[in-house]
Amino acid sequence: MILPKKIMLWLLPLLAIAVLIIVMALGRGGENAMTWQHDEGFVFGTVYSITYQHNEDLQEDIEAELQKVDDEFSMFNEQSTVARINCGDSSVERSPMFREVYDKAMAVNADTYGAFDITVAPLVNAWGFGFKHEQMPTAAQVDSLLKIRSQMDFAAIAKGYGCDVVARLLESKGIENYMVEIGGEVCLRGMNKKQAPWRIGVNKPTDDSLDVQGELQTILSITNTAMATSGNYRNFYYQGGRKYAHTIDPRTGYPVQHELLSATVLAADCATADAYATAFMVLGLDSAKTVLARHPEMQGYLIYTTQDDEYSVWHSPALDDRIIKD
């Protein structure tokens with residue numbers, strides 16, 4: 001049947017709209033059909049694991065971005081910006097990346113009463129957790145180091161920032177579903193392969209320095225956030241019958257000794273989560289909760305010991321519906 005010309009002219013816009021809807025539907029189907037990529041490797045003295053939905057493997061681009069972070073903040077790379085500054089090289093140019101992380105470190109320092117301090121490296125070394133030795137410093141040495149600190153160490157924020165850098169790369173490629181994990185710090189967006197929020201575990205703080213047991217304290221169902229954990233339960237040593245934690249209070253110069261065993265922080269970006277988790281391990285339970293109360297945009301999951309040496313947990317109320325196992 002041949003339609004009259006006037007009817008044909010009337011139907012053309014409707015046909016155009018129908019074709020557009022079909023094309024859009026096919027486009028969405030194509031996105032859903034995209035394959036999942038998984039890249040892993042070694043960076044910042046630890047391992048990384050990145051899962052994302054994309055038709056192209058981006059590992060080469062990912063490692064190029066991670067190398068930029070290493071070139072700025074690695075204490076083991078003699079040519080890194082921080083290593084050259086620590087050696088007294090006054091000609092070093094501070095890049096926008098360096099200034100971004102430095103400014104964030106200073107902001108967290110101010111917000112946590114000085115508990116997060118990137119100049120703590122000499123004290124860490126003196127207590128035997130850095131690059132040098134395991135000989136306990138004297139009180140006089142601690143006092144001296146407190147006064148003359150000049151070296152910077154970004155280890156407590158660089159892994160988190162590395163996660164952020166990779167997340168930015170993935171999002172610049174239009175990737176909406178991903179998990180970026182570097183040494184336990186994570187950035188998450190969208191859904192996992194099962195079209196559900198990502199499930200991230202928080203380890204139980206046992207005296208397992210080699211992480212052989214890997215027992216989980218809880219599992220969180222989360223997305224569109226970043227998460228970092230800091231703890232005193234793995235990095236420690238015994239000397240003279242006493243247990244010394246790896247977290248040094250930059251305000252006193254001595255290892256912390258309080259009830260908080262593990263601090264997990266969720267924040268908009270992983271550098272922030274990483275820095276605050278470290279600061280909380282210095283501050284202890286009550287002060288950490290005070291800081292979190294000032295920041296409703298962040299959530300905390302804090303594991304501590306009671307007077308009976310039992311494990312107990314405090315977490316932000318906003319995590320109530322995200323806890324799968326506790």
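Here is a short talk about a helix crossing and some aromatic pairs in a predicted model.

Visitor: What should I know about the model and the numbering?
Guide: Local features need pLDDT of at least 70 and side-chain atom pairs count only at pLDDT 80 or more, while totals for chains, interfaces and linings use all residues. Residues are numbered from 1 along each chain as its sequence is written, and side-chain values use heavy atoms, leaving out hydrogens and water.

Visitor: What makes helix 4 oblique to helix 8?
Guide: The axes of helix 4 (residues 96-111) and helix 8 (residues 270-283) come within 10 Å and cross at roughly 40°. Angles under 35 degrees count as roughly parallel, over 145 as roughly antiparallel, 65 to 115 as roughly perpendicular and the rest as oblique, so helix 4 is oblique to helix 8.

Visitor: Why is the pair of tryptophan 36 and tryptophan 198 called edge-to-face?
Guide: Rings of Phe, Tyr and Trp (its six-membered ring) pair if their centres lie within 6.5 Å; planes under 30 degrees apart count as stacked, over 60 as edge-to-face and the rest as tilted. Here the centres are 6.1 Å apart and the planes stand at 75°, so the pair is edge-to-face.

Visitor: Is tryptophan 198 buried or exposed, and why?
Guide: Buried means under 20% relative accessible area, exposed over 50%, partly exposed in between (1.4 Å probe, protein chains only). Tryptophan 198 has 7% relative accessibility, so it counts as buried. Tryptophan 36, at 22%, is therefore partly exposed.

Visitor: Which residues do ring pairs link into a cluster?
Guide: That cluster holds Phe73, Phe98, Tyr102, Phe154 and Tyr161.

Conventions:
Axes fitted to C-alpha atoms, helices over the stretch in contact; angles between N-to-C directions. Helix = DSSP H or I, 4+ residues; strand = E, 2+ residues; numbered from the N terminus.
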